[in-house]
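Biologist: Could you take me through this model piece by piece? I'll ask as I go.

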Amino acid sequence: MKTFNYHSAKDSKEAKKLSSSNSAFLAGGMTTIPSMKLGLATYKDIIDIKNIKKLSGISVSGKSIKIGATTKHTEVANSKEIKKTIPSLSSLAEGIGDPQVRNRGTIGGSIANNDPAADYPSACLALNAVIHTNERKIEASKFFKGMFETALKKGELIETVEFQIPEKSSYQKYPNPASRYAIVGVYVAKHKSGVNVAITGAKPCVYNDKDLAKALVSSFSSNSISGMEVNSSNMNSDIHASAEFRASLVVTQAKKAVEAC
Amino acid sequence: MASLVGSRVERKEDKRFLTGKGRYTADININNQTYAYFVRSPHARAKITKIDISKALKASGVVDVLTGEHIAKDKIGGLIAGWAIRSEDGSEMKCPPNPPLAKDNVNFVGDPIAVVFAESLEEAKAASELVNIDYKILKAVVNLSEAMKDDTIHKDIDKNLCYDWLLGDRQKVKEAFDKADKIIKLDITNNRLIPNAMEPRACVVDYNSASEEITCYTTSQNPHLSRLIMSAFGGVAPEHKLRVVAPDVGGGFGSKINLYNEEIVCSWASKKIERPIKWVAERTESFLTDTHGRDHITHAELAVTNDGKFLGFKNETIANLGAYARVFGTVTPTYLFGPCATGVYVMPAAYSNVKAVYTNTAPVDAYRGAGRPEATYTIERIVDKAAIELGMDPIEIRMKNFPTEFPFKQTLVHQIDSGDYVAGLKKAKEMADYDGFSARKKDSESKGKLRGIGVTTYFEACGIAPSPVVMMLGCGVGLWESAEVRFNPTGQVTVYTGSHSHGQSHQTTFAQIAADELGVPIENIDIVHGDTDKGTFGMGTYGSRSLTVGGIAIVNACKKIVDKGKRVAAKMLEASPDDVDFKNGEFVVANSNKKKTIGEVAFACYLPGVRDEVKSPLPEGEEPGLKESAFFDPANFSFPAGSHIAEVEIDPETGEVKLDRYTAVDDFGTIVNPTIVEGQVHGGLAQGIGQALTENAEYDETGQLITASYMDYTMPRADNLPEFNLGFTCTKATTNPLGVKGCGEAGSIGAPPTVMNAIINALDGQEIQMPATAEKVWRACKNLKKTKNKAA
């Protein structure tokens, strides 16, 4: 790892002030640190935001759950409030990485990184999340821009993620056998306003599958999407799964999710 | 005193390992040490046109930078193949030079070219980026099936062919095939694996300029052999000035048999730079440069009668050696593979023909099982295919072809001293509830799942021996083992063994057998291994040889101790040595109550006199002291065998394979410690199941390893494995006094065909290749659906 300057910010303001074109925010560091170790990323300044108290914690209101950006996966997995209101979200958190990762990794870090195979981005899309930053509010549907790309600007820091509580929901991950990231993860959420079927792992960036959602709006049962075929032409293909296999998994995982709702 | 052989003695190693008190090579730090970082080829095949180290030499903290040029100037020799194999036409095998640092050509990604020594690892690594190397990139030879038609990698090695080896009689096989009712044909690949020892390779080297001694701490399965090669072939230092220590080693699985480039380079360089050196591989370096395993393409044919009798067998294999031939690289796909390919069956005629080829990939060498998993996979898959084509039950066809009398002369080489394959398979069938399979299958089908059952019966040849035979077959050394047993004056015992424990629990097993032989409490026995300055020469641990060869050397040394003890006790008890019996640690004069404990005898041996009197307890001419050594060279290999049965449940929608049940019934002869043996079986099974279901080392067409991290190389995990159902049968080995056979590799030999036979059974006989990944299985399930729809 190349040497860097370490800063610990006491609030979002200071974090922003410290940031530059050659800096990175550090929360759990579960992606940033391995990337730096492998020489895939180098920074002059690392700005640790773990000590900003305001950024951590869970609060539930009538219609939504707010989760602070530096809240760890374990905390989401074990939160009684979340288990009660959106159990699929706590089970998603419980299935991220391994215990070590879950004890360090944070929701804000996962979303800001926008790994094409990460779990949380699908929750954001399915649960109509609003991402609150130190500068503005961004709807999830406008947040995830492409592979490892988000609407965040340099120095912009996620503070909280607000999820809409659905009527019912389920996340079904088909894990990569090696990394246990999602080869395909399908997050189905039924809201009063409609149905979201958010897919991670299958394409370079998380997305809502409109066709599956439409079929489920007319009848929310796995039968209504059984036998549907999704287009594999712009899906990821690697040694673990071809595009064609991923396309098939999108439907099977969506069916499982509907059944588990 | 009750015998300890056969009892579940708790591991002496546990306290050390479970409390973090193990001492591994990377734990060793020497005052004033420098840190080594190797510059490696990023290309699979290239000519080196220029190496410029001037910038790196000036970088912060750099002590020195050395290249292949320096190696050549100092006439340091390279790595070698330990076995000379001849081709069918009688010609010698062809091996390229493998210098410790590549000077002119690089032949796989990770091939080391230069090394930087610096005051800190960070500085060494930073400076390594300043070593400027120009390459002329050449087309890499990667595809194994095309390698013989591709560009020639090494000068004067036509078709990239190391040898074209034959064992068996082609004519007899032809005659057998002419008589057959049916010929079963099978094409299989034995997937390439990366051993993935938990501890990456490492070495710490200390040179003492006053004594001119080099001490190399390293992650080796056989430190004496490393010293021999480094001295005799590397010319690093004479053996008496070179000490190799392999302290606690965190797994080897064959990958740490070899002496590697880094150990030679650091040992040589520590003298050159007169500083201690520390090198620890990063995980990526382990993936790239540890020797890999397996990697065969095989076409096999089995000639059968309509009622399922085997008449003859052909095995045509191309084996990948990788870029260079290493210590066991050339023997693994020949003598460790070819003879075992006829399996446990009476096979009137057979041959194995193996073409070993070079490719621009990491060297391939022994990996847990070494040749025998490949052989067992070949025969056990084709036997199952025969059962399918003949409409027979897989157990029935096996039973029909088992030998029933022992010793059994196996078709190609082995004279198998003992075994009972019928009893093993019967027991496995019962334990696996084979008859209940159809009900379980129905149950799975009612849930929309497929279910399959798979059977394997294997034998393996381990503890390679005897030395004159193995040397006649081309081995560069004898494969005996040594032991030395030393009593302290106060009665405790230290046993020095040439075997090396890197997970096998020798400290416990060997102490159990020494305790039984000497009648000394196990807590008074220490096992010492892994240091060339301590024990006599040893051959190390691989090929399930430690107990059957190394353990017996200990038994024999103990017997010599007892013999001397009898002579001394006789003198002390004023009896004839012939009248002295030894039992439970006591020398007793027949028909009397006169006795001496072995502790008293040891004491007398070291204090052979009485104060104020001229009197010795030692017989005339007997030397003082109580210490004996033995070298054991068994009369033959040992031949463990077993029957395994697996059941899988497949989700046809996702291709997920759930290994639902696994029964293994093994015959390891006498079992010294059942807990340790079960652990060995569990570990072997996990690795064998890994090969069948998940593991695959994959290179792209340019020779880049694309499975070079745990993000992509799929290790088996606990949730891939069922609760193992283990059983044992016992036919004792006749070639050693304990009746023991090897057990370390059994699981990795038996599991791949067992699991694959089960999967293929679930897929109605549709062939798929290892590893049976979800996507492959999903595609097979789609085909199955199509075929079924057509049939309907």
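Modeller: In chain B, 4 strands make an open sheet in the order 18-26-27-28, with mixed pairing; two strands pair if DSSP finds at least two bridges between them, and strands (E, at least two residues) and helices (H or I, at least four) are DSSP runs numbered from the N terminus. This is a predicted model, in which local features need pLDDT of at least 70 and side-chain atom pairs count only at pLDDT 80 or more, while totals for chains, interfaces and linings use all residues. Residues are numbered from 1 along each chain as its sequence is written, and chains are lettered from A and ligands numbered from 1 in the order in which they are written.

Biologist: Which strands stand at the edges of that sheet?

Modeller: Those are strand 18 (450–459) and strand 28 (724–729) of chain B, and because each has a single partner strand, one side of each is left without a neighbour in the sheet. From one strand to the next, the twist averages 15°, where axes are lines fitted to C-alpha atoms, for helices over the stretch in contact, and angles run from 0 to 180 degrees between N-to-C directions.

Biologist: How many bridges join strand 18 to strand 26 in chain B?

Modeller: There are 10 bridges between strand 18 and strand 26 (residues 641–650) of chain B, and the two run antiparallel. Within this pairing, B:Phe459 stands opposite B:Ala641 of strand 26. Helix 12 (residues 437–446) of chain B packs on the sheet, where it touches strand 18 and strand 26, and its direction makes about 145° with that of strand 18; touching, or contact, is taken as C-beta atoms, placed from the backbone, lying within 7 Å.

Biologist: And B:Tyr713, is that buried or exposed?

Modeller: B:Tyr713 is buried, with 22 other C-beta atoms within 10 Å; a residue is buried if 20 or more other C-beta atoms lie within 10 Å of its own, exposed if 12 or fewer, and partly exposed in between. B:Tyr713 sits in the loop between helix 17 (674–693) and strand 28 of chain B.

Biologist: What does B:Tyr713 touch?

Modeller: Leaving out residues up to four places away in sequence, B:Tyr713 touches A:Ala178, B:Ile194, B:Phe287, B:Glu695, B:Ala697 and B:Thr707.

Biologist: Zooming out, what is the radius of gyration of chain B?

Modeller: Chain B has 28 Å, which agrees with the value near 28 Å for a compact globule of 792 residues; the radius is taken over C-alpha atoms, and the globule rule is 2.2 Å times the number of residues to the power 0.38. Along the principal axes, its C-alpha atoms fill a box of roughly 105 × 75 × 50 Å. The chain contains 19 helices and 28 strands, and buried residues make up 57% of its 792 residues.

Biologist: Now chain A: where do its domains fall?

Modeller: Chain A has domain 1 (5–164) and domain 2 (168–260), with 23 Å between their centres over C-alpha atoms. In the contact, 21 residues of domain 1 meet 23 residues of domain 2. Elements giving two or more residues to the domain 1 side are helix 5 (87–94), helix 8 (120–126) and strand 8 (144–146) of chain A, and helix 8 gives the most, with 5 residues.

Biologist: Which residues of helix 5 in chain A are buried?

Modeller: A:Ser88, A:Leu89, A:Ser90, A:Leu92 and A:Ala93 are buried in helix 5. Their cover includes helix 3 (73–78), helix 4 (80–85), helix 8, strand 10 (158–164) and strand 11 (168–175) of chain A.

Biologist: Last one, how many residues of each chain go into the contact between A and B?

Modeller: The contact takes 12 residues from chain B and 10 residues from chain A.

Definitions and conventions: Domains from an automatic or database assignment. Contact = placed C-beta atoms within 7 Å.
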